[in-house]
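Please look through the chain before reading on.

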Amino acid sequence: MSTIYELAKDKYAEYGVDTESALETLKNIPVSLHCWQGDDVQGFDTTGALSGGIQATGNYPGRARNFEELKADIAFACSLMLGVKRLNLHASYAVKPAGDLSDRDEVKAEYFKPWVDFAKEQGLQGIDFNPTLFTHPMVKNGLTLSSPDENVRAFWIKHCIACLRISEYLADEMGSPVLMNIWIPDGFKDVPADRLGPRMRLKDSLDRILASGYDRSKVSVAVESKVFGIGIESYTVGSSEFYMNYAAKKDICCLLDNGHYHPTEVVSDKIPSLLAFYDKIALHVTRGVRWDSDHVILFEDEIKEIAKEIVRNDAIGKVMLSIDYFDASINRISAWVTGQRALQQALLFALLLPNGDLKKLQDESRFTELMALQEECKMLPLGPVWNEYLAREGKPESYIACVKKYEQEVLSGRA
């Protein structure tokens with residue numbers, strides 16, 4: 001325990017904050033790591049460009065090209081990350097036997113056994129899962145579960161039901177419940193003639209998926225909204241209002257991605273609103289620049305505010321956290337580590353606030369003192385506490401040299 005940490009510990013104690021308690025809490029908060037950062041969301045079942053309103057930009061060398069390379073990159077990234085980690089998979093990352101040409105509507109649990117073996121080897125807490133309803137020929141005219149073509153809808157309903165079975169398998173194998181999140185790209189580029197029809201079809205599709213049955217003790221189903229995507233700028237079927245109402249009615253989970261709203265909306269304000277009605281909510285944490293641009297998470301204001309709402313509302317056990325972004329313009333492993341560490345820093349910042357005193361000042365309408373205390377807290381010595389956390393976890397303060405060494409020895413050999 002360093003002298004500088006002891007000084008920081010004493011300073012926080014002046015504000016009634018126990019740094020030891022904060023560090024103990026932080027190291028046990030699970031964060032789900034998205035596999036798709038390592039290969040620009042390419043997956044294993046397609047070789048074409050991304051489609052369905054999403055896009056990865058950049059061509060930094062070293063993209064993982066197969067399961068073995070992606071697995072190695074995730075393992076190395078995990079070696080530089082802190083705290084409890086989970087793995088977040090998309091169905092498109094199925095590891096199929098050679099010659100298996102089955103489509104996504106026939107995806108099987110056995111395809112994910114290699115991922116289970118890997119997660120256990122890495123000591124990951126669990127695996128979360130996502131049906132993949134993009135970058136596929138059966139995305140017809142930008143539509144999947146809301147399509148007027150019953151064959152298209154049937155294909156994707158079957159895919160999502162198969163993903164429920166896979167999620168149950170992952171929960172059994174890992175001994176940890178799975179968050180299965182449904183996001184669809186459905187929408188229109190220009191002003192639609194019918195806004196209700198597609199949403200009624202989406203509602204029916206979701207009803208049919210849930211009616212197939214699943215073990216709620218093993219799987220939490222979530223639905224994820226979005227404002228718009230590339231090529232669907234005028235109308236998105238799965239809007240925030242639609243999914244919040246649907247999730248509440250069906251007693252499933254509402255997932256908030258903080259890049260999926262209008263620029264003046266903030267997810268930090270939505271979290272306590274949902275906590276008033278939902279036992280659990282899920283977050284995909286990202287950094288939107290002007291729009292849902294999936295930038296790497298940084299230790300910035302809105303990420304801090306999200307963390308504060310989780311901590312001060314005693315919602316650590318109620319909010320399921322995943323990181324979600326993809327950047328092909330920089331070293332992909334550095335992107336993983338930077339984002340995960342930034343979220344951990346934000347959580348630590350929130351845990352080190354005198355939240356009880358701040359709430360008391362607000363309730364007593366002592367707003368002058370509240371503002372002053374909030375400003376004082378911004379200058380408290382967070383850095384030494386963070387560095388103590390790194391030391392206890394056996395992680396380097398600066399990881400860029402490790403990443404560059406891996407790039408030279410491993411990534412540079414990939415064409």
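This is a predicted model: local features need pLDDT of at least 70, side-chain atom pairs count only at pLDDT 80 or more; totals for chains, interfaces and linings use all residues.

| Helix pair | Distance between axes | Crossing angle |
|---|---|---|
| α1 (residues 3-13) and α13 (residues 382-393) | within 8 Å | roughly 125° |
| α3 (residues 67-78) and α4 (residues 113-122) | within 11 Å | roughly 20° |
| α3 and α10 (residues 332-351) | 9 Å | about 40° |

**α1 and α13**

The axes of α1 and α13 cross at roughly 125°. That angle makes α1 oblique to α13. The crossing is left-handed. On the α1 side, the contact is made by I4, Y5, A8 and Y12. On the α13 side, L382, P384, V385, E388 and R392 take part. By class, this contact has seven nonpolar residues, two charged ones and no polar ones.

**α3 and α4**

Helix α3 packs against α4 with axes that cross at roughly 20°. Angles under 35 degrees count as roughly parallel, so α3 is roughly parallel to α4. Their crossing is right-handed. From α3 come F67, L70, K71, I74, A75 and C78. They meet P114, W115, F118 and Q122 of α4. Eight residues in this contact are nonpolar, one is polar and one is charged.

**α3 and α10**

Helix α3 also packs with α10, at an angle of about 40°. That makes α3 oblique to α10. This crossing is right-handed. L70, D73, I74, F76 and A77 represent α3 in the contact. I333, W336 and V337 represent α10. Seven of the contact residues are nonpolar, one is charged and none is polar.

**α5 on its own**

How many residues does helix α5 have? It has 25, running over residues 150-174. From its first C-alpha to its last, α5 reaches 36 Å. That is close to the 36 Å expected at 1.5 Å a residue.

Both ends of α5 have a feature to find. At the start, a side-chain oxygen of D149 reaches to within 2.9 Å of the backbone nitrogen of N151. After the helix comes G175. The phi of G175 is positive, near 65°.

How values were computed. Residues are numbered from 1 along each chain as its sequence is written. Side-chain values use heavy atoms; hydrogens and water are left out. Axes are lines fitted to C-alpha atoms, for helices over the stretch in contact, and angles run from 0 to 180 degrees between N-to-C directions. Helices (H or I, at least four residues) and strands (E, at least two) are DSSP runs, numbered from the N terminus. Angles under 35 degrees count as roughly parallel, over 145 as roughly antiparallel, 65 to 115 as roughly perpendicular and the rest as oblique. A crossing is left-handed if the near helix is turned anticlockwise from the far one by less than a right angle, and right-handed if clockwise. Contact means heavy atoms within 4.5 Å. Ala, Val, Leu, Ile, Met, Phe, Trp, Tyr, Cys and Pro count as nonpolar, Asp, Glu, Lys and Arg as charged, and the others, Gly among them, as polar. The expected span of a helix is 1.5 Å times one less than its number of residues. A polar contact is a pair of N or O atoms within 3.5 Å; within protein, one must be able to donate a hydrogen and the other to accept it, and residues adjacent in sequence count only if both atoms are side-chain atoms.
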